[in-house]
Amino acid sequence: MTTTAPAPAEGPVGRPLDRVDGHAKVTGAARYAAEVPLPGLTHAVLVGARVAHGRITAIDSTEAERAEGVLAVLTHENLGKIAAQPPLLPSLAGSVAPGETFFPMQGDEIHYAGQHVALVVADTYERALYASRLVRVSYAEEPSVTVIDQGRDQAYEPEAIFAGFIPGRTERGDVEAALGAADVTVDHTFTFAANHHNPIETSAATAYWEGDRLTLHDTTQGVTATQHTVAALLGVPHTRIRVIGHFTGGSFGSKAMVWHHPALAALAARKVGRPVRLALTREQMFVACGHREEQEQHLTLGAGKDGRLVALRHHKLSPTSPFDHWAEPSLGVAGQMYACPNYEGVYRLIRANTTTPTFMRCPGEATGLFALETAMDELAELVDLDPLELRLRNYSESDPASGRPWSSNGLRECLERGAERIGWERRAAPPARDGDWLIGLGMAATAYPVYGPNNPQRARARLYADGTAVVQAAVTDIGTGILTVMTQVAAEALGLPVERCRFEGGDTDLPNVAAAVGSSGAGMVSAAVHAAASALREQLVARAVADEGSPLHGADPADVDVRDGRMVLRDAPGTGEDYAALLQRNFVPDVEATGSWGPPPHDAPFASMTFGAQFAEVAVDPVLGLVRVRRLAGAFAPGRVLNAKTARSQLMGGMIWGLSQALLEATHMEPATGRWANASLGEYLVPVNADAPDVDVDFIEVQDTVVNPLGVKGVGEVGQAGVAPAIANAIHHAIGRRMRKLPITIEDIVSGG
């Protein structure tokens, strides 16, 4: 591993280029799933259950069916049975990925409030919405469990969580003995409110059939995942389903799994014989696309007098749905962050009347690191160490869980660079005061796993005789700038100027790549694009050296470079020719190549993680209970940065979300009704411009030759992971009170947490 300061990019990769899709988005030319104009388009509106648990005793849709423009009212009585419910699998696998192993309108049982119980289709949205309110549903209500306190005595330890990919219990060493022998212990419970995704674009699908072939426009993070999941649900070969999702207006995990609406739209379209658009309302997003679950975490640290960890015990309790063992993996990175020989991580779940929880940006790390890094700050105080020094003292060159060395690290450099950017030396002094405001500084180490797909990723590259190129892969743009970044990767591999390359994605007719989830999109797609573009370049060079009419005839292909679309001898750059000249001379209109990349095996001798460090400066008014974040500084080691502008934007967005998680975001369950009490953007608090502080983002470049060909580790989520504990630790520095719940509210500041 080598660590260097960021250097200016010489080729297209790394440069801070503007988004190639920016003009289309700001002018409205970019089409989203609920904006596709189709002849004969109809509209569908969902009806949700008003109770959290029970059974439907009667449905009267007579009045709705008679309403003007209504084409169908679908319920469990006439929808028909789905072909099969596939197992719950992460969309990262690139195959079936239902949001939960339950499909609505297959029977009369109600599992959670808001569960889809009817679907009204009409010739306009307004008529469908009106008719949906005429559907009369009667229920036999049964007692429900919707919050931790209602089901605490029913908690169980699952064999596995996270769709079965993560063990319910992980252990190494002897935690009890190590805690008993520790010089210092920190032992606390941390609580977290439920959170919900609120992307600008709500989830939607537009479906139409042409004979036995289905086309779906879907809001998704992976068109292939939608294709395979809907194929399994409907019993239709996936070759007869085309899914298009060129643009997705934000997701953050809510569109990583495939929820019910695409299949319901397809079923409705088949029923009425016309295209159907099904767009969820903002309120339905709170019950139809998963959420970050309410949770409690009990964490115990044991350390020597020198602050070195000897034991870490981390238990989590959270509600899951009646049918899936789902919990975000909050204990994973927290158990790998520092050198610690003895560890115990245990998940416990409560069967509750709720949808299956799902990925939400930084799933698990954003909560698990809050508990760990808050406890580490308290440990630093107990052993009289600077919090920065404590982290450095527990730094690990290898993964404590597996013992394998990190493929690249950079944590030490991130900690030091972040401290420099925030002015950490000021923390040694007593907290400063600015009028009624007390000023505090806090920090946290941060990390996020480097995920890879389970199957090969593919792309296709084509060069035309005019010297322009198109590169294609089925990845969807979810707002991260993937179209721009892949254009840069293709241009560099082909040796072309960026303006002569175009990248196309978002269509299952294109070569398959897995869904862009878990900060994996840039790494896996760039690997496939690089492979395809490199194969095309090699094909063109081989043509040139074999062509008697080429200045490069007879040259060793290994001695040929390509710059600005021109193939030249490395030691004699005046000798060569353009791609276009080669193709035109030989009357070849275009040439094409495909490329495939397979991820490293799971038993590779390295472990992979993206590391970083977060620092916060806050102002606290302890009398009024107000907290204002004045500065955030983050230093990150994400491997090779493909576009400095889009990467910085992703990290900055994650840091602002971390502020939101720390101080604002909470969805409140009303236990008596089993409904979310603030299911709208009017009451679910998120930051506005006035809440945004000065944000300083810095990169520590680390070379990683293991994760993928370009050494890309991803930036989508690591920016959020350590912000909340950094803010909480800064609040403690300012007022001397520990915060052990999220979000931190006025009442917590005034009452002491």
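This tour moves through selections in a predicted model, from an open sheet to helices and loops. Local features require pLDDT of at least 70 and side-chain atom pairs pLDDT 80 or more, while totals for chains, interfaces and linings use all residues. Residues are numbered from 1 along each chain as its sequence is written, and side-chain values use heavy atoms, with hydrogens and water left out.

**The sheet**

Begin with the open sheet, whose 6 strands run in the order β10-β18-β17-β16-β11-β34 with mixed pairing. Its edge strands are β10 (169–172) and β34 (741–742), each of which pairs on one side only. Strands here are DSSP runs of E with at least two residues, helices are runs of H or I with at least four, and both are numbered from the N terminus; two strands pair if DSSP finds at least two bridges between them.

Select β10 together with β18 (residues 343–351): the two pair in the antiparallel sense over 4 bridges. Within this pairing, arginine 172 has tyrosine 343 of β18 as its bridge partner.

Proline 743 belongs to the loop between β34 and α18 (746–751).

**From β18 to α9**

Next, select cysteine 362 in the loop between β18 and α9. Its phi is positive, about 65°, although the residue is not a glycine. Cysteine 362 counts as buried because its relative accessibility is 0%, where buried means under 20% relative accessible area, exposed over 50% and partly exposed in between (1.4 Å probe, protein chains only).

Continue to aspartate 377 in helix α9 (residues 365–382). Aspartate 377 is buried, at 3% relative accessibility. Which residues does aspartate 377 touch, not counting those up to four places away in sequence? They are Pro387, Arg391, Arg427, Asn729, His732 and Arg738, a contact being heavy atoms within 4.5 Å.

**Helix α7**

Select residues 261–272, the 12 residues of helix α7. The helix reaches 16 Å from its first C-alpha to its last, close to the expected 16 Å; the expected span is 1.5 Å times one less than the number of residues. Of its 12 residues, 10 are buried, including His261, Leu264, Leu267 and Val272. Glycine 273 follows α7 and has a positive phi, near 70°.

**An exposed loop residue**

Finish at phenylalanine 587, in the loop between α14 (579–585) and β27 (590–597). Its phi is positive, about 55°, although it is not a glycine. Is phenylalanine 587 buried or exposed? With a relative accessible area of 76%, phenylalanine 587 is exposed.
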